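Reader: Hey, I'm new to this one. Could you walk me through it?
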Amino acid sequence: MLKTLAKSIREYKLQSILSPVFVAIEVFLEVMIPMICSDLINFLQGDLFGAHSFMLFGMPTGAFVANVGEGIGFVLAYSGILIAMAGLSLTFGILSGRACAKASAGFAKNLREDLFYKIQNFSFENIDTYLTSSLVTRLTTDVTNIQNAYMMLIRGAIRSPLMFVAALALAFTKSWFIALIYLGMAILLVALMAILPSRAMRIFRRVFKKYDKLNLRVQEDVRGARVVKAFVREDFETEKFDNAAEDIRKDFTKAETILAFTSPIVNIIMYGIIIMICAFASIMIVNTGSDFVGAVGSLQIGDLTALVQYAMMILMSMMMLIMTFVMITMSIESGNRIVQVLNTESTLTSPDGGLTEVASGDIEFENVSFSYAGDENKCALMDVNLKINAGETVGVLGATGSSKSTLVQLIPRLYDVTKGSVKVGGVDVRQYDLDALRGEVAMVLQKNVLFSGTIKENIRWGKPDATDEEIVEACRLAQADEFISSFPDGYDTYIEQGGTNVSGGQRQRLCIARALIANPKIIIFDDSTSAVDTKTDALIRKSMAESLPNATKIIIAQRTASVEEADKILILDNGKVVNVGTHAELMETSDIYREAYNIQNKKEDENA
Amino acid sequence: MPRKPAGMELPEGVDPNNLPDLKTLRKMMKEQRKNTPKDKSLSRVMKYVWSNYKVSFIVVLVCIVITAVISALTSVVLQNLISAYIQPAVEGRGNLDGLPAYLALCGAMFCVAIASGATFNVLMARISQGTLNIIRKDMFRKMQKLPISYFDRKQSGEIMSLYTNDVDALRQYISQTVPQLINSSVMILASVVVMIYYSLYLILVVAIGIVAMFLVAGKIGGASSRYFVVQQNALGKVNGYIEESMHGQKVIKVFCHEKQAKSDFDERNVALQNAATSANTYANILMPIMGNIGNILYVLLAVVGSIMIALGASNFGLSNLINPETTFLSILIGFLTIVKSFTQSISGISQQINFIALARSGSRRVFEMMDTTPAEDDGYVKLVRAKKNPDGSITESKTHTGLWAWKHPHKADGTITYTELAGDIEMHEVDFAYVPGKTVLHDITLYAKPGQKIAFVGSTGAGKTTIINLISRFYDIEDGKIRYDGININKIKKSSLRDSLGVVLQETNLFTGTIRENIRYGNLEATDEEVIEAAKLANAHDFIMRLPDGYDTMLESDGANLSQGQRQLLSIARTACENAPVLILDEATSSIDTRTEALVNRGMDKLMAGRTVFVIAHRLSTVMNSDVIMVLDHGRIIERGTHDELIAKQGTYYRLYTGAFELE
């Protein structure tokens, strides 16, 4: 997982390296400050013989004064060093903060870009395997989680261990004995703390699932607000919600109670250390020549202040380290989800040097079988043989689930056949350059969407360089010009995300116009006029027949009226083409067609 | 849906697509803050804590104070150790004999700190989760009482995020921010007291440091939160674009629009990167700067103190008054220790600023929902089980009799009358507007006798669904009257009214659970046999039996594992199970194929037998056999009559029927 993610760092490698380097320098300076301070205090206190020696980093420089009053120059020297160090530490702190921000924001940008590009190359089959909402979460929340984790990694995750090691090392230079106590306490802290987060995490993971349940309750209640009210089930819903909420409270309280013990544990260690330093350091400073001091060495008062500082640093860094660890573990799930997308290879790619010219709108299916799962035993289409000539109008009819959409989606190669071959213009679709093929096969999908932007911009999707006249022309063909012109902003009317500000029928007509503007060789309508009234539906078909005589037109419909005049009507049942013929022929030969026709026209006949 | 960035809102009138430069933005935000009345939502959150956990919260407060004070006293322990034991011993003025007793005393004090720390942390976990639970439950209860118009107005994602993002911000606030703020404040206060005790000279140096820290925190914290707003905006745009593209991914592919999509995305992505870099830079450098100001302060104290010691100046502080023996060096050491924890407390507070902002806007949204005026229900006529006495009068029955009656208490004379539930509905000159001033129904009058089938025909927006919404009182009428079995429906309790209406809505909504549970939703007391009976009536039994688990098949995410037609059949079965005397069918068969539709229609025909039915349908074939057909146009009934009458009239219905007129 890490390897795949790391590939997205790219041009932000330098910043990613600089950030921890700057952090390291900052940490070094920070731990040195108490060291110099202790030198200063030792200087002020003087040694047992009353001499005030000028020492740096605990090393004697040889200079000393017998009286503090004469040592003002040395004091100023200490001051200069200390202020310089604090200033430098500040500078590097700022530098590392900046480098870290640049690196993590850049990394996140690259990650989003890689994901988005990857998804653009997905085939329909790839898209089908992911829920739309889950793709959105991966690109948004998950990337943000990784960004935060990365920020922690190149700053906090470096800072804490470094701080720990440096503070411990310097504590050793002051007194190996006390440093050993620190080390022992640190290990004890880790031992005590290690159990807590992992136990809490286990509960948290469980809680997150319960959260989903709570959200589901709210979501269903909100979406079905009318149902709930119509059936007077407010109390019933409230009870369901209460149970879910209570469940969360119990588990969350458990997890948080476990975590609540972290700070008391840290306090035990911290206060324990303070008591121990006070006891041992006092003996070591006072140095009555006991065996104990003989064994562990003596100390000065200044060393005591440094040691106390180091104890705090060690504890703080341990705490930070544990927190960083927990945060990073929490983002592992996000990382996995991102990598899953990044590692998905598109199941359908454009061939190298594919044909860029589509000769004609002829379509041929040769023994085509297709299965969404690639499993020949579970075919959505079976042994389809078809021949459609350029310029023909073909209707496709069949019950829900009879694979009408599946059949037509093979033509622009949205999916690859499992068996057999689909030919357009006499050539297998797999030999075409994908863009070239899809440019000539316009398809109006059943689940169609408009994008936020003006009507003009939306229509231009079909042909990026279309002139305004061409746009109006296409809309006229799709019977959309009239209603567009009635809008105050006409063709510049802004379409909201998802096209929510136009009616269903208007949306369908705009989608048709978008497909027609490319003047394609093949046009496929996948139940594209279901929300359009019969009269307009007929007008669209008529204008298409007149202005695009050479284009092959394939129309999937529920209404027999939509396909009655077609050159050919295909009847699909359970993934098989069971009948092919004109309206008149099918009235004779196809039970399914006749039944559908009769249901839809029955009452009119009675009244005729 | 792309959500308004949590935490901070842009000032009103600022176009998020065209942000002004930071200076202007800052001024505008300041202005906005000044003009908005003081926000009380956070204190309302605390009121929840207070009223539900008074005792625990007091204990928590006391414990926090104890913990913080002892923590501040740590430096006194050290200072006193040096000045009372070490220095005298080193200088030969004393010895360490008293040390064990002293340390034992300190140890006892620390134990108290640890115990109270543990107490408040554990209590706080309970308090915060308990409070959140109460808030959540309150939210849901309030939400159940909200009128349908609320749900029309808000997108479901928006409501969802109240329960997720906003409550989560409150969790952070109650469980972390509040204790942290109290703790830090007490720490600061205690530290100042200790510092005053130590030395009045040195506290002057600290004062300089504090001023510097507050200036920096204000400046950088302010810049950080402003850039944060910009970042949230950029993030919102990127998220919106992602959402749109992912939903339209197949369309993008069909139109070979990938390249364009990539470059559009890049543009927004880079804008987000730039905003994120700035926002994070400020956020990242705040801590090092605060920390290093702490370091500089530490150094300055050491320097000033040392120079004073070197110059032989004497200290001036409470400690010297209390104990003249206290040495300046021990004071300096104590001061150096406490100044560290002091600066840490200040940066601790500065770290919470963003969380406070988040919690504030979260709680504002939560309370906005909770303060929304609930749907009124002052009805007092209730639906009760009834039995017919031999003399023909009707009285209330405790057992299920199959007979229902309206229990109508009359305030004037204190009597109660019972009216048998028959399903007779009348509307008299009803006007209605969703938005005041924009009347969508004009002067609607209609009579539906028990057992009659009334159909509504008309284009989208003509007001068909609105009439149905009024009968079930999803909205209340402006003018005119609706009577149900002769009773004004405003007098009928909403729950009773809706219990008497069986509704199949335009949009099918199923719930997570088994098919059986979903059908039983119509009548929670229905036996398994009754459920199957209802399914058979709706023609749903056959397909249910073909499912691997039959009636125990689990439905997930609104029945996504079923076809549209099957979902519609289930929703009809659910209504059948309710067995109400009045049925309302709103476009139940719009998007299914003819064959399935015929199946659904057969189920509905059986269901409609013997009931008063209101039906809306796009396809005229569904409504032709109605007793009355109402043709609606722009909120008015323009034609009414049976199919044959309307055909003979050769009006709008006739033109619709012959296809000479289009329905939109």
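This is a predicted model: local features need pLDDT of at least 70, side-chain atom pairs count only at pLDDT 80 or more; totals for chains, interfaces and linings use all residues.

Reader: Okay, which domains does chain B have?
Author: Chain B is split into domain 1 (39–188 + 351–374), domain 2 (382–420) and domain 3 (425–658).

Reader: And how far apart are the centres of domain 1 and domain 3 of chain B?
Author: Going by C-alpha atoms, those two centres are 53 Å apart.

Reader: What about chain A, which domains are there?
Author: In chain A the assignment gives domain 1 (1–160) and domain 2 (363–607). The centres of domain 1 and domain 2 of chain A, again over C-alpha atoms, are separated by 60 Å.

Reader: Switching to helices. How do α6 and α8 of chain A pack?
Author: Helix α6 (residues 176–223) of chain A and helix α8 (residues 234–260) of chain A pack at an angle of about 165 degrees, and their axes are 9 Å apart. Angles over 145 count as roughly antiparallel, so α6(A) and α8(A) are roughly antiparallel to each other.

Reader: Left-handed or right-handed crossing?
Author: The crossing of α6(A) past α8(A) is left-handed. In that contact there are 15 nonpolar residues, 11 charged ones and no polar ones.

Reader: What's A:Val232 doing, and where does it lie?
Author: A:Val232 sits in the loop between α7 (225–230) and α8 of chain A. Its phi is positive, about 50 degrees, although A:Val232 is not a glycine.

Reader: Why point that out?
Author: Because most residues other than glycine have a negative phi.

Reader: Got it. How many other C-beta atoms lie within 10 Å of A:Val232?
Author: There are 18, so A:Val232 is partly exposed.

Reader: Which residue in chain B has a positive phi too?
Author: B:Arg473 does: its phi is near 55 degrees, and it is a residue other than glycine. You'll find B:Arg473 in the loop between α12 (464–471) and β8 of chain B.

Reader: Is B:Arg473 buried or exposed?
Author: B:Arg473 counts as buried, because it has 23 C-beta neighbours inside 10 Å.

Reader: Since β8 of chain B came up, what sheet is it in?
Author: An open sheet of four strands in chain B, with the order β6-β5-β8-β9 and antiparallel pairing. The edge strands are β6 (439–448) and β9 (487–488) of chain B, each of which pairs on one side only.

Reader: And how many bridges link β5 and β8 there?
Author: Five: strand β5 (residues 425–433) of chain B pairs with strand β8 (residues 479–484) of chain B in the antiparallel sense. As one example, B:Met427 has B:Ile482 in β8(B) as its bridge partner.

Reader: What about β8 in chain A, parallel or antiparallel to β11?
Author: Parallel: β8(A) and strand β11 (residues 522–526) of chain A pair that way over four bridges. There, A:Val444 has A:Phe525 in β11(A) as its bridge partner.

Reader: Which way do the residues of that strand point?
Author: From strand β8 (residues 441–444) of chain A, A:Val441 and A:Met443 point one way, while A:Ala442 and A:Val444 point the other way. All of them are buried.

Reader: Last one. Where is B:Glu529, and is it buried or exposed?
Author: B:Glu529 lies in helix α15 (residues 528–537) of chain B. B:Glu529 is exposed, because it has 8 other C-beta atoms within 10 Å.

Reader: And how far is B:Glu529 from B:Leu329?
Author: In sequence, B:Glu529 and B:Leu329 are 200 residues apart; in space, they are 90 Å apart, C-alpha to C-alpha.

Conventions:
Residues are numbered from 1 along each chain as its sequence is written. Chains are lettered from A and ligands numbered from 1 in the order in which they are written. Domain bounds come from an automatic or database domain assignment. Axes are lines fitted to C-alpha atoms, for helices over the stretch in contact, and angles run from 0 to 180 degrees between N-to-C directions. Helices (H or I, at least four residues) and strands (E, at least two) are DSSP runs, numbered from the N terminus. Angles under 35 degrees count as roughly parallel, over 145 as roughly antiparallel, 65 to 115 as roughly perpendicular and the rest as oblique. A crossing is left-handed if the near helix is turned anticlockwise from the far one by less than a right angle, and right-handed if clockwise. Ala, Val, Leu, Ile, Met, Phe, Trp, Tyr, Cys and Pro count as nonpolar, Asp, Glu, Lys and Arg as charged, and the others, Gly among them, as polar. A residue is buried if 20 or more other C-beta atoms lie within 10 Å of its own, exposed if 12 or fewer, and partly exposed in between; C-beta atoms are placed from the backbone. Two strands pair if DSSP finds at least two bridges between them.
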